[in-house]
Amino acid sequence: MPKIETSCEPIALNVSSTRFRLSVFFALVTLKIILLFYIGPLFAADTDDYYRFAHSILTENSWRLDAHLEDGEILVDRWRIIGYPALIAGALFFFGADWTWALALFQVIASAAAITYFSDFLRVTSRSILVTMFCTFSITTSVSFIWDNFLITDSLHASLLIGLFTALAASRLQSKHPPSIKQAIIFGLFLALAFLLRDMTLYLAAITLPIVLLWSWSTSGNAVRSFCLVIAFYLPLASVVALYLSWNNERSGHTFLTTSMRTAGLVPLFRMAAHG
C-alpha cells in the first residue's frame with residue numbers, strides 16, 4: 001500500500017511567497033472592508049482632539065509659532081502629537097466630507113499589509129501551514145479587527161510595530177547576510193513613524209533596547225558593528241524627537257514633547273507619592 005503523506009509541511013513549502021502574500025492580503029482586505037462597510041468608520045473619545053488639531057493645521061498658522069502656554073488651557077496642538085492629526089488633515093484636504101472613510105480604509109490596508117508580512121514570516125519560519133493559519137487567524141480576529149475602523153492612532157501604531165518586529169525577526173532568522181547600516185535606519189524609521197502617532201512610543205523604544213541589541217549582535221557577531229547598527233536603528237527616532245523638542249522650545253520657551261505625555265507620565269507618580 002502506498003504511503004499517504006499526512007504532514008502539512010509540503011503545503012506551506014510549495015506555495016510561492018508572492019502568491020501566498022497576495023492571497024492572504026486580498027483575503028484580509030476583503031474581510032476587513034466588509035466589516036468597515038457594515039459598521040462604518042467609528043469615533044472614539046480622542047477623535048475630537050485629533051480632528052480639531054487637523055482643522056488647525058488646515059486653517060490656522062499661529063499655533064506653529066506660539067504654543068500659548070501662558071493661557072493655561074489644554075490646546076490640542078500641545079496636548080497631542082502631530083502625526084495622526086496630520087493624516088486627518090491630509091484626508092480632509094483630498095477627500096473632504098469622505099475623510100472618515102478614506103482614513104479608515106487606509107488603516108484597513110495598512111493592517112492587512114502588516115498581518116500579511118507577519119503571516120509570510122510564520123510560513124517560512126515554522127514550515128507549517130497549520131501554525132501559520134492559526135497565528136494569522138488569531139491576530140486577525142484580535143482587537144485590531146475592530147480598532148481598524150476607529151479613527152484613532154491604535155490601528156496604524158500597531159501595524160507599524162508589527163511590521164517592525166517582524167522585520168527584526170526575519171532579519172535575525174531568515175536572512176543569510178548581516179544587516180547593513182541602511183537596513184537598520186529603515187527599520188528605525190518604523191519606530192520614528194510610530195512615535196509621531198503616539199509619543200509614548202519613546203518609552204517602548206527604551207524597553208525594546210535589549211531586543212535591538214540581541215538582533216544587532218546575533219546578526220553581526222562584531223561588537224563595533226553591533227554598536228553602529230544600534231545607533232543607526234535609533235537615529236531616525238532620535239532625530240525626530242530632537243526636532244520636535246526644538247520646535248516646542250522655539251514656540252513656547254520650554255522643552256517638551258506633548259503636555260499629555262507629561263500628564264500620563266507624572267500624574268501616576270504624584271498619586272503614588274500621595275499614598276506613600
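Arg80 makes a salt bridge (a side-chain nitrogen of Lys or Arg within 4 Å of a carboxyl oxygen of Asp or Glu) with Asp46, and their closest N and O atoms sit 3.0 Å apart. The two come from distant parts of the chain, 34 residues apart: Arg80 is in the loop between α5 (76–79) and α6 (83–95), while Asp46 is in the loop between α2 and α3 (47–59). Helices here are DSSP runs (H or I, at least four residues), numbered from the N terminus. Arg80 is buried, at 13% relative accessibility, and Asp46 is partly exposed at 32%; buried means under 20% relative accessible area, exposed over 50%, and partly exposed in between (1.4 Å probe, protein chains only).

This is a predicted model, so local features need pLDDT of at least 70 and side-chain atom pairs count only at pLDDT 80 or more, while totals for chains, interfaces and linings use all residues. Residues are numbered from 1 along each chain as its sequence is written, and side-chain values use heavy atoms, with hydrogens and water left out.

Arg80 and Asp46 also belong to a network of salt bridges that links them with Asp48, Asp49 and Arg52. Within it, Arg52 pairs with Asp48 at 3.2 Å between the closest N and O atoms. Both lie in helix α3, 4 residues apart, which is about one turn of the helix.

Now for Asp120, which bridges to Arg21 with closest N and O atoms 2.9 Å apart. Asp120 lies in helix α7 (residues 99–126) and Arg21 in helix α2 (residues 17–39), so this pair ties together parts 99 residues apart in sequence. Asp120 is buried at 4%, whereas Arg21 is partly exposed at 38%.
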